[in-house]
Each structure stands twice: as structure tokens, then as C-alpha cells.
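Welcome! Here is a friendly briefing to read alongside the sequence and the 3D view.

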Amino acid sequence: MSEIVRAPFGEFQVVRTALEVCNDLAAPVADALKNWDDREAAESVLYVDTDPTNADTAVFCEVYDVPPELSANCVVVAAKRGGEVTLAACLVRADRRLDVNTAVRKHLGARKASFAPTDVAVSDSGMEYGGITAIGLPAGWPLLVDEAVTALPHVLIGSGRRRGKLILPGWAVARLPRAEVLPDLAI
């Protein structure tokens, strides 16, 4: 029997270590957690079971008593330069806005940057809309993380599905494969 695990914030009925419930995660997320070279970071990730109808950030935070500043959204961006499109994931606190037109565009060396079309983000990530997360992203995608996310003691992010979320320490976010921690990624 598993020991009782508690979330560091919020009101959740079911809390487990994410490695215990890989079948409840999107396949790329489960694979990434199981194969993360940084075992300390992988083992620090918690899974909280939640109702998928409450997955949108504002509703989620209200229903589960999660302060928006402890939640982060993963936004998929399409950066264009010379006819080539690069997809990148950006992780920012839910109480801030991603600076797509300046910070992201300049960092990726793009002429233009915009939110990726939903169907492209979903099909290319292998995750559900409303659940795309920073763990388990395609190998070619840069992962840009706002420094404010990594400064949090713990942060709530998607699980790859609309049902359930992940909670992990900010330091573990900074250790995600290909994570580039940037100041002022969000405004």
C-alpha cells in the first residue's frame, strides 16, 4: 500500500507520486518521467486527480483552491523565420502573460512569433488541449521557462491530459530536459 501523499497547496482528494500513476498521464509525459535522468526531480513530481471539466485555469484555481501564482501554463508558440516554423513551449505563471512578441520572438531569433494552432500543438505534442505540459515535449522543441516559475517552492502544471495535474518543485522545473530559464519571459 502506498504511503499517504499530500499536496503542498490546494484541495485535492487524490494525491500520488506521478511515477505511481503513469497510466493516468499522457504517454509522452509518462515516458519522460520514467526516463528522466534526474531521478530526484522525477520522484518529486506529484499527480493530483481532478475533474477534466474544471481544467481551465481560472475555474481550476477556484474549484481546487489553488492560488493562480502557484499555477503555470504551458503555451505552444510557432516561431517563423525565412519560411521555416519552429514550435517551442513556454512555461509561465498563470497570473502573468507570455511576452510572445518580444521576449519569445527575440530569444528564438524569429521574424514573427504567435500562438501555435491548437490542432498542431495537440497533434505534435501527443497531449490533450488544456493539458499540454512542459514534461514530455517533442525532442526538437525548445522549452522556455520564466524564471518566476523556477523560483516557486512548488508549482502546478498540466499532466498531458485535461484530467489531473502535476505539482513539482520550482527547482525541478529548471532541471527539465532542454529547459532554458529566462528572466522576463512573462509580463
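Which residues are linked with E40 in a network of salt bridges? D38 and R175 are linked with E40 in that network, where a salt bridge is a side-chain nitrogen of Lys or Arg within 4 Å of a carboxyl oxygen of Asp or Glu. This is a predicted model, in which local features need pLDDT of at least 70 and side-chain atom pairs count only at pLDDT 80 or more, while totals for chains, interfaces and linings use all residues. Residues are numbered from 1 along each chain as its sequence is written, and side-chain values use heavy atoms, with hydrogens and water left out.

**Salt bridges**

- The structure holds 6 salt bridges.
- In one of them, R175 and E40 meet through their side chains at 3.1 Å, N to O. R175 lies in the loop between α7 (170–174) and β9, and E40 in helix α2 (residues 39–43), so the pair ties together parts that are 135 residues apart in sequence.
- R96 forms a salt bridge with D146, with the closest N and O atoms 3.8 Å apart. Since R96 sits in the loop between β4 and α4 and D146 in strand β6, this pair ties together parts 50 residues apart in sequence.
- D146 is buried, with a relative accessible area of 3%, whereas R96 is partly exposed at 33% (buried means under 20% relative accessible area, exposed over 50%, partly exposed in between, using a 1.4 Å probe and protein chains only).

**The sheet**

- An open sheet is formed by 5 strands in the order β5-β3-β4-β6-β9, with mixed pairing. Helices (H or I, at least four residues) and strands (E, at least two) are DSSP runs numbered from the N terminus, and two strands pair if DSSP finds at least two bridges between them.
- The edge strands, β5 (112–115) and β9 (179–182), each pair on one side only.
- β3 and β5 run antiparallel and are joined by 4 bridges; the bridge partner of A79 in β5 is A113.

**The nonpolar cores**

- The largest nonpolar core has 52 residues, and those with the most contacts inside it are F12, L91 and L166. Such a core is a set of buried Ala, Val, Leu, Ile, Met, Phe, Trp, Tyr and Cys residues joined through side-chain atoms within 4.5 Å.
- Strand β3 (residues 72–81) gives the most to this core, with 4 residues.
- Apart from this core lies another, of 12 residues, among them C90, V104, L144 and A186.
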